[in-house]
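Please brief me on this structure, with the cut-offs behind each term spelled out where the term is used.

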Amino acid sequence: MNAKTSEWIDVGAEADIPLRGARVVRSAAGDIAVFRAADGSVFALRDRCPHKGGPLSQGIVHGHGVTCPLHNWVISLETGEAQGADHGCTPKIPVQRLDGRILLDAQAIARLAVPHG
Amino acid sequence: MAKQKLVVIGNGMAPGRALEKLFELAPDAYDVTIFNAEPRVNYDRILLSPVLSGEKSFDDIIIHGDAWYIEKGITLHKGHKVTEVNRAARTVTSEHGETVSYDRLILATGSNPVIIPVPGHALPGVLTYRDLDDVHAMMLAAKAGGKAVVIGGGLLGLEAAAGLQAQGMEVVVLHLMPTLMERQLDPAAGYLLQKAVESRGIKVHCKANTHEITGTDRVTGVRLDDGTVYPADLVVMAVGIRPNAGLAKAAGLEVNRGIVVSPDMRSSDPDIFALGECAEASGQVFGLVAPLYDMAGVVARQLTGDATAAFSPQATATKLKVTGIDLYSAGDFADAKDREEIVLRDPMRGVYKRLVLKDNILIGAVLYGDTGDGPWFFDMIKRGIDISGMRETLIFGQGYQGGSLADPMAAVAALPDEAEICGCNGVCKGKITTKIAELGLTSLDAVRAHTKASASCGSCTGLVEQVIRLSLGESYNPAAVQPMCGCTDLGHDDVRRLIKAKELKSIPAIMQELGWKTSCGCAKCRPALNYYLICDWPGEYADDSQSRYINERVHANIQKDGTYSVVPRMWGGLTSAKELRAIADVVDKFAIPTVKVTGGQRIDLLGVKKEDLPAVWSDLNLAGMISGAAYAKGLRTVKTCVGTDWCRFGTQDSTGLGVKIEKFMWGSWTPAKVKMAVSGCPRNCAEATCKDVGVICVDSGYEIHFAGAAGLDIHGTQVLGHARTEEETIEIIAALTQLYREQGRYLERIYKWAKRVGTDSIKRAVIEDTARRRVLFDRFVLSQSYAQIDPWAERVAGKDAHEFAPIGTLGLPQAAE
C-alpha cells in the first residue's frame with residue numbers, strides 16, 4: 001500500500017485552482033497544466049498543444065475541454081485528444097483527489113521526459 | 001396638369017400610411033408639405049414600449065427615414081407646430097411664421113394624453129406617456145433609480161410600468177377600476193394579468209382613486225382617497241388620450257369629441273380631411289392602429305378621386321407588448337343577455353381562454369397565456385362564421401378542428417386567402433403569398449418590405465414565417481440567423497436583447513434561461529457573454545475572469561512561446577525622459593529581450609515571463625504609467641500629430657485633444673478593439689482616416705470620421721459629422737462608442753457594425769438627435785466610472801495572484817520501472 005501511494009505526488013490544493021481554470025506545475029520533464037472544470041473534476045495534461053506547442057494552461061476551460069490560446073484548437077481534458085476536425089494528442093497525467101489535495105501520477109510525469117514516451 | 005398642393009398637419013403613423021398609399025396610387029398627383037410638431041421623422045408609436053424597456057432603439061422603430069421624404073419630394077417641417085388654418089385663404093401658418101397654401105388639407109393632429117387635474121399634477125417629475133420625448137424623459141428619470149408610480153392600468157400604463165422596471169425603478173401601478181385593462185379584458189383575465197405583473201415585482205393597486213400628487217419643488221409621492229401614500233420620484237399618467245381637435249375647432253370645423261368626419265373621411269369642409277386619433281367617425285374615436293390604417297387607405301383613395309372609398313369601423317384586436325406576458329383580446333366580449341360564452345381555465349399552466357358567441361357566431365375572444373390561436377379567432381370574428389359545427393372543440397383552437405391534431409403548418413395552410421395575418425397593417429394571407437410568387441421573395445425582411453406584414457409591432461412574425469415557409473417549402477430557412485456558437489441557436493442580437501429584457505445578470509443565468517446546450521459554454525460564447533454583461537449592467541455585473549481570453553485575463557499579450565508583451569499607455573503618443581528611463585530600467589532588470597516601437601505610438605516590451613509581469617508593472621506604475629490595454633477588446637491608442645503647438649500647418653491642438661480623448665475613454669470595454677487618431681490638419685499625419693474613429697482638425701473645428709480599417713480589410717473612414725469644440729467632439733465620440741458598445745456583436749469592428757446597421761442610423765443617433773446623443777454619452781460616462789481602474793495596479797496589489805505563479809515545482813520523479 002505504501003509503495004502504491006508513494007507513486008502519487010501532491011502538487012497542491014484543489015482550492016488553489018479556480019473553477020473553469022488551470023494552474024501550471026513546473027517539472028523537470030516540462031510544464032504540466034492542471035485543470036479544474038466547472039463540475040469540480042480535476043485533469044492534468046502536458047502543457048503543450050499538439051498543434052504548435054501553445055500553453056493549454058492559459059486557455060479557456062469549458063465542459064471537459066480547453067481551447068488553446070494560440071490558435072483555438074479544442075483539447076479534451078479527459079483524453080488529451082484534439083476535438084473536431086483537428087488531429088493530435090497531448091499526454092494525459094492521471095490525477096487523484098484526496099481530502100481536497102491534488103495528486104499526480106509520478107510515473108506518468110517521468111514518462112513525459114522520455115521522447116515519444 | 002399642374003400638381004395640386006396637399007398639406008398634412010401631423011406626421012404620425014396614420015398620415016404616414018396615407019401618403020404611402022397615395023404615392024402608390026398616384027405618385028405625381030400632389031406636392032406634399034408636412035408640418036410635424038415633433039422634431040423628427042415618422043416612427044412607430046406602437047413600439048415605444050420596447051424602446052422604454054431597452055429592447056429596441058429609436059432607429060429600430062423609424063418608419064420613414066429622412067431619405068424617404070427626399071425621395072418622394074415631400075417638404076417636411078420638423079418641430080413646426082401649426083397655429084392657424086385659414087379656410088377662406090386656404091392656408092396654414094406655423095408658429096415659426098411659415099405660411100403654406102393648400103388645395104387639400106389633412107388634419108392628423110393625433111391626441112393628447114389626459115392629465116388628471118388633481119393637486120400637484122403640474123409638479124416636475126410628473127410625466128405622460130405619449131411620444132419619444134416622454135420616453136426619453138422617463139429613461140432619464142429612471143437612471144437615478146428610485147420609485148415610480150404609474151397612474152393607469154391600461155395597455156399603455158402597464159407597458160410603461162414594465163419599461164420603467166426594466167430600467168431599474170421600483171414601480172407601483174394605480175388603477176381606478178377593480179381589474180386591469182378592463183376595456184380589453186374580462187375580470188378573470190384581468191386577475192391573471194395582475195398576478196403575472198405582480199410576480200415580476202410590480203405592485204398593483206386597483207380601485208385606487210388618486211387624491212393628490214404630493215411635493216413642493218418636485219413630486220415626492222401620490223396620496224389616494226383612502227389615505228394610502230406611495231412615495232415616488234416619478235409619476236407617469238397613462239389614463240387615456242383625448243383627440244387633439246383644437247386647431248380644427250378654431251378653424252370652425254365641426255368638432256364633437258374629435259373632428260367629425262363622414263365615412264369618406266372629410267370633415268365639415270370637404271377639402272379638409274381628418275385622420276387618425278383626432279378624427280371621430282360614426283360617433284367613435286380610435287386609438288388602435290388597425291382602424292387608423294383603414295382610415296389612411298380611405299383618405300388616399302379619396303384624394304385620388306375614388307369617391308366610393310368609405311371607412312367603417314371593424315372589430316379590433318389588441319396584444320399587450322410586455323415581454324413574458326401573453327395576452328390577446330379581440331372583438332366584443334362584454335357580458336349581455338343574448339350572448340353565450342365558452343371558457344377554458346388551466347391555472348397550472350396559467351392559461352385562460354374565453355370566447356363570446358352570439359347566435360352561433362363568434363364575436364369576441366380573450367386569450368391569456370396561450371395566444372397562438374388569436375389570429376384564427378379574430379379572423380372568424382371578422383368574417384362572422386357560423387361555428388355550430390365546431391362548437392365542441394372551438395376553444396381548443398384551430399389545431400383541434402377536423403378531428404386530429406394538426407401541425408401548425410397545416411393550420412396556416414388551412415387559413416383562407418383573406419385571413420388576416422398582420423393586424424397592424426391589415427395584410428391578409430393572400431397578399432403575402434401573391435407577393436412572394438410575383439416578386440420571388442425569399443426572406444422575412446423582403447416580405448416585410450413588400451407587404452408590410454410584421455413590419456409594425458412584430459407579434460405576427462411567426463405566422464408570417466409560416467406563410468413564407470408554405471410558399472417556398474423547405475428551401476426557406478427562418479433560422480437564417482447565424483447562431484453565436486454551437487452552444488445555442490440564438491444569434492448575438494437575440495442574446496443581447498434577451499439579456500436586457502429578461503434582466504439576465506450572470507453567465508449561468510443566461511445559459512439557464514436561454515437554454516444553452518452545453519454545461520458551461522465554450523471559448524466563443526463565454527467571452528462574448530462576459531462582454532455583453534459588462535456593457536449592459538455596469539457596476540452590477542462582476543467580471544468573470546475565467547471567461548476572458550488569456551490576454552484580457554492577465555492584461556498582457558501572449559506570444560508564440562508562451563511569454564508576454566507589455567505595452568504601457570503613452571497618452572496621445574507623448575512620453576518623457578522619466579518614462580523612458582523607467583522603461584529602460586525595467587528592460588535591464590528583467591532581461592527583456594525585445595523593445596519595439598508600435599504603430600500606435602507607444603513602446604512594446606516583448607518576451608516578458610509571466611511570473612515577472614506583476615513586478616514589471618509595479619516598476620512602470622511607479623513611474624506613473626498604466627496599462628496600455630494593447631490586449632483589450634477596448635480602447636487601444638489615440639494616435640496624434642503635433643498640431644498647433646509645433647506644426648506650421650496645424651489648425652488645432654491635435655495632441656492635446658488626443659490626450660483628452662484618451663484620458664476620457666481609457667479602460668472602456670468594447671465589442672472589438674478601438675483605435676483612434678487625431679490629425680491637426682487635413683494633411684492627416686496621424687493617419688486618422690483609416691482608424692475606427694478619427695478626428696481631422698480644420699479651421700472651423702473638428703471633422704469626426706469613423707468606420708475605417710487598416711488590417712485584414714482596408715477602408716477609408718466615412719465622415720460622421722462636424723463639431724465646433726473639443727467638448728462637442730468628445731461627446732460625439734463617446735456617444736458613438738456607446739452606441740457601438742450596445743449594438744456591436746462581440747468581435748465585430750466598428751466598420752463592420754456600421755455596415756450592418758447602416759451609417760445613416762448611426763448619424764441620426766449621435767449627430768442629428770442631440771437628446772439621444774446625450775443619453776448615450778451619459779451611459780458611457782456611467783460605465784466609465786466603473787471601468788477606469790488600472791488593472792496593472794490591481795494585480796501589483798495582489799489581485800489574481802494565482803495567475804502569475806505556478807502551483808508547484810517538481811524535480812524529475814524516478815520511474816518505478
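Predicted model: local features only at pLDDT ≥ 70, side-chain atom pairs only at ≥ 80, totals over all residues.

In helix α23 (residues 759-768) of chain B, the residues B:I762, B:R764, B:A765 and B:V766 are buried, where buried stands for 20 or more other C-beta atoms within 10 Å of a residue's own, exposed for 12 or fewer and partly exposed for the range in between, with C-beta atoms placed from the backbone. Residues are numbered from 1 along each chain as its sequence is written, and chains are lettered from A and ligands numbered from 1 in the order in which they are written.

**Helices of chain B**

- The cover over the buried residues of α23(B) includes α21 (726-743), α22 (750-757) and α24 (770-787) of chain B; helices (H or I, at least four residues) and strands (E, at least two) are DSSP runs, numbered from the N terminus.
- Helix α4 (residues 132-143) of chain B holds B:A137, which counts as partly exposed because 17 other C-beta atoms lie within 10 Å.
- Between B:A137 and B:A771 there are 634 residues of separation in sequence, whereas their C-alpha atoms are 10.0 Å apart in space.

**Chain A and its side towards chain B**

- Chain A is built from 2 helices and 10 strands, and its elements follow one another from the N terminus as α-β-β-β-β-β-β-β-β-β-β-α.
- Of the 117 residues of chain A, 43% count as buried.
- Among contacts in chain A between residues at least 6 apart in sequence, 42% join residues at least 24 apart, a contact being a pair of residues whose C-beta atoms, placed from the backbone, lie within 7 Å.
- Contacts between the chains involve 34 residues of chain A and 26 residues of chain B.
- On the side of chain A that touches chain B, at least two residues each come from β1 (8-13), β2 (21-27), β5 (60-62) and α2 (106-112) of chain A, and the largest share, 6 residues, comes from β2(A).
- That side of chain A divides into 19 nonpolar, 9 polar and 6 charged residues, where Ala, Val, Leu, Ile, Met, Phe, Trp, Tyr, Cys and Pro count as nonpolar, Asp, Glu, Lys and Arg as charged, and the others, Gly among them, as polar.
- β2(A) also runs parallel to strand β42 (residues 808-810) of chain B, to which 3 bridges join it, and the bridge partner of A:R26 in β42(B) is B:T809; two strands pair if DSSP finds at least two bridges between them.

**Strand pairing within chain B**

- An open sheet of 3 strands has the order β20-β22-β23 (chain B) with mixed pairing, and β20 (259-261) and β23 (284-285) of chain B stand at its edges with a single partner strand each, so one side of each is left without a neighbour in the sheet.
- In this sheet, β20(B) and strand β22 (residues 279-281) of chain B pair in the parallel sense over 3 bridges, with B:V261 opposite B:A281 in β22(B).
- Strand β15 (residues 210-214) and strand β16 (residues 221-224) of chain B run antiparallel, joined by 4 bridges, and in their hairpin, with 6 residues between the strands, B:G215 takes a positive phi near 130°.
- β16(B) is also joined by 3 bridges to the antiparallel strand β17 (residues 229-231) of chain B, and B:V222 stands opposite B:Y230 in β17(B).

**Nonpolar cores**

- In the largest nonpolar core, which has 143 residues, B:L107, B:V235, B:V236, B:L275 and B:V299 touch the most other members; such a core is a set of buried Ala, Val, Leu, Ile, Met, Phe, Trp, Tyr and Cys residues joined through C-beta atoms within 7 Å.
- Helix α8 (residues 289-303) of chain B gives the largest share of this core, 10 residues.
- The core lies between domain 1 (4-112 + 243-303) and domain 2 (126-239) of chain B, because both give residues to it, with domain bounds that come from an automatic or database domain assignment.
- Apart from this core lies another one of 118 residues, among them A:I32, A:A33, A:F43 and A:I60.

Technical notes:
Contact = placed C-beta atoms within 7 Å.
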